[in-house]
Amino acid sequence: LELGDLFFKMKNYEKADYYLKNGIDLVEMMRASIFNPIIKKRFFEKANYLFKLMVLTCYELNNKGESLKYVELSKHRIFLDKITDNQRYNFIKPINKSLIYELDNINSKIQKILSKLKDLNKFEFKLSSNYEKLSKLKNQQEYYLDKIKNEYPEFYDYYYNHVFDYKKIDLTDKTLIEYYYSKDFLLIFLIENNKINIEKIDFEDNRLVKLISDFEKQLE
């Protein structure tokens, strides 16, 4: 998050994109292993800033679909976390925690190997002794994810299935408008004919509040 934030402020959006995506992957990975609601709340309140930076980074890189994807992901998580904290286990079958711990352990090992291999070129990477270890860990990761998906589908959908593809929505003769609000800006996504347009409105001196106030006066 700190590296992503730093490169965003330096306007190096490609590097910001790289670190922020890794950060979000780690956040999503950790979500399923935090069971204490107080710790969970504090942790993900801090993660909200991560999503905001990711949305803005995608916007600056003109990755419209990616920007919308992270808007949907942030809204989905915040909404579900808020409404289900006290009733999650009423609709999600409690999972065998050993599955989560095994998957977290595998994910941790994968990250360690990737950090060792990141500076190697493609040829050196494949010759490395860690390459075979990584392949085995990836297979184990897939095995546990499939096991959770098959045995605990509700849990899997809630914690792991966060892919949003606007192209799968039938927008025949329809237009989809999506809003993403922050204290200092508003993003408006307009989707029609499977194309996305984004309008960014920066708030300066409470301009939106003034517009609303002016409109109310006109109505009166």
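Of the contacts in the protein with a separation of 6 or more, 58% are made by residues 24 or more positions apart, where contact means heavy atoms within 4.5 Å. The structure is a predicted model, in which local features need pLDDT of at least 70, side-chain atom pairs count only at pLDDT 80 or more, and totals for chains, interfaces and linings use all residues. Residues are numbered from 1 along each chain as its sequence is written, and side-chain values use heavy atoms, with hydrogens and water left out.

The protein contains 10 helices and 3 strands. Both kinds of element are DSSP runs numbered from the N terminus, helices being H or I with at least four residues and strands being E with at least two. Along the sequence, the elements follow the pattern α-α-α-α-α-α-α-α-α-β-β-β-α. The protein has 220 residues, of which 35% count as buried. Here buried means under 20% relative accessible area, exposed means over 50%, and partly exposed lies in between (1.4 Å probe, protein chains only). The accessible surface comes to about 14,800 Å², and 52% of this area belongs to carbon and sulfur atoms. Accessible areas come from the Shrake-Rupley method with a 1.4 Å probe, and for residues only the protein chains shown count as cover.

The pairing can be followed residue by residue. E1 and strand E2 (residues 185–192) are paired in the antiparallel sense over 6 bridges. Glutamate 178 stands opposite phenylalanine 189 in E2, and tyrosine 179 has isoleucine 188 in E2 as its bridge partner. A hairpin through 3 residues joins E1 to E2. Asparagine 194 is 19 residues from threonine 175 in sequence, and their C-alpha atoms are 9.5 Å apart in space.

Among the helices, H8 (residues 129–151) has 23 residues and reaches 34 Å from its first C-alpha to its last, close to the 33 Å expected at 1.5 Å a residue. That expected span is 1.5 Å times one less than the number of residues. In H8, Asn130, Leu134, Leu137, Gln141, Tyr144 and Ile148 are buried.

Charged side chains complete the picture. A salt bridge is a side-chain nitrogen of Lys or Arg within 4 Å of a carboxyl oxygen of Asp or Glu, and by this rule the count comes to 8 salt bridges. One of them links the side chains of aspartate 184 and lysine 52, at 3.5 Å from N to O. Aspartate 184 lies in the loop between E1 and E2 and lysine 52 in helix H3 (residues 37–60), so this pair ties together parts that are 132 residues apart in sequence. Aspartate 184 is partly exposed, with a relative accessible area of 38%.

Other salt bridges lie within a helix. Glutamate 132 forms a salt bridge with lysine 136, their closest N and O atoms being 3.8 Å apart. Both residues lie in H8, 4 residues apart, which is about one turn of the helix, and glutamate 132 is exposed, with a relative accessible area of 52%. Lysine 210 and aspartate 214 meet through their side chains in a salt bridge of 3.1 Å, N to O. These two are 4 residues apart in helix H10 (residues 207–219), so about one helical turn separates them. Lysine 210 is exposed, at 52% relative accessible area, whereas aspartate 214 is partly exposed, at 28%. Salt bridges that share partners also join Asp17, Lys21 and Glu66 into one network.

Conventions. Pairing = 2+ DSSP bridges.
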